[in-house]
Amino acid sequence: MTKTPDDRLILAMDVPNALAGLKLAETLGDAVSFYKIGLGMLTGGGLALANELKEEHGKKIFLDMKLFDIGQTVENAVRGLAQFDLDFLTVHGDPYVVKAAKEGASGKDMKILAVTILTSLDRADLDGALIKPGDITDLVQERAGRALEAGADGVIASPQEAALIRALPQAEGKLIVTPGVRTAGAALGDQKRVMTPAQAVAAGVDHIVVGRPIWQAANPRQAALDILAEM
């Protein structure tokens, strides 16, 4: 009997270029079935890598572009990306952006995920950006609710806010995808709001996104398997 790959773990492929990404995917083999390709990889052959992993290796692809622009531009960009039959795409959680993205993805299976507040930010960062006063958790919950009402298929949020988002009426049947997950004792890197894999799953998270703790490990495949075991 063939074991179904566990796609709850998404590997953040924050490597320099497509060749390095393909090599990493080969190292990880069947331990990882879902890959996130972000903005930093775009000029390094990111879209080509996404297509190769999808078409040649049967992997799922999360394109993390965090699109933000006027509505028509977002709609056009998403329509262009949707032709690649990828699985997830991020946009900023402003309702008009979400609505435009959903229009661009119309007729395709690609899920639109809304970014609430980046997990690398704290209240001081928000003050510097002139974001309205208030507790980060409350702001994330409010942005998540508005994005889901606008039609988002799910949200990106810290695992620390996942339980509150999962409790929203708008979140029924929606996805919660979280970066900011680290195994017990791992370095935090640039993340400030984190949980372990087991805590994230218990909080109602559907997918966790992990990068450096896997691909910087001495044995990346084993590191991925260890995280899956923790989940």
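**Close-up 1. Helix 3 against helix 4.** In this predicted model, helix 3 and helix 4 have axes that come within 7 Å and cross at roughly 35°. The crossing of helix 3 past helix 4 is right-handed. On the helix 3 side, the residues that meet helix 4 are G71, V74, E75, V78, R79 and A82. They face Y96, V97, A100, A101, E103 and G104 of helix 4. Sorted by class, the contact of helix 3 with helix 4 has 7 nonpolar, 2 polar and 3 charged residues.

**Close-up 2. The buried face of helix 4.** Helix 4 spans residues 95-104, and V97, V98, A100, A101 and G104 in this helix are buried. Viewed down the axis of helix 4, these buried residues fall within an arc of 165°, so they line one face of the helix.

**Close-up 3. Helix 6 packed on helix 7.** Helix 6 contributes I136, T137, V140, Q141 and A144 to the contact, while helix 7 contributes E161, L164 and I165. The residues of this contact between helix 6 and helix 7 divide into 5 nonpolar, 2 polar and 1 charged.

**Close-up 4. Helix 1 crossing helix 10.** Helix 1 covers residues 18-28 and helix 10 covers residues 220-230. The axes of helix 1 and helix 10 come within 8 Å and cross at roughly 60°. This crossing of helix 1 and helix 10 is right-handed. By class, the contact of helix 1 with helix 10 comprises 4 nonpolar, 1 polar and 1 charged residues.

**Close-up 5. The two faces of helix 2.** Within helix 2 (residues 46-55), the residues G46, L49, A50 and L53 are buried. These residues cover an arc of only 105° around the axis, which puts them on the same side of helix 2. Helix 1, strand 2 (34-38) and strand 3 are what the buried residues of helix 2 pack against. The face of helix 2 turned away from the buried side carries A48 and E55, which are exposed.

Close-up 6. R8 sits in the segment before strand 1 (9-12). Its relative accessibility is 27%, so R8 counts as partly exposed, since that value falls between the 20% limit for buried and the 50% limit for exposed. Apart from its neighbours within four places in sequence, R8 is in contact with V201, D206, H207, I208 and M231. Between R8 and N76 the C-alpha to C-alpha separation is 30 Å, and 68 residues separate them in sequence.

Key:
Residues are numbered from 1 along each chain as its sequence is written. This is a predicted model: local features need pLDDT of at least 70, side-chain atom pairs count only at pLDDT 80 or more; totals for chains, interfaces and linings use all residues. Side-chain values use heavy atoms; hydrogens and water are left out. Buried means under 20% relative accessible area, exposed over 50%, partly exposed in between (1.4 Å probe, protein chains only). Helices (H or I, at least four residues) and strands (E, at least two) are DSSP runs, numbered from the N terminus. The arc is that of the directions from the helix axis to the C-beta atoms. Contact means heavy atoms within 4.5 Å. Ala, Val, Leu, Ile, Met, Phe, Trp, Tyr, Cys and Pro count as nonpolar, Asp, Glu, Lys and Arg as charged, and the others, Gly among them, as polar. Axes are lines fitted to C-alpha atoms, for helices over the stretch in contact, and angles run from 0 to 180 degrees between N-to-C directions. A crossing is left-handed if the near helix is turned anticlockwise from the far one by less than a right angle, and right-handed if clockwise.
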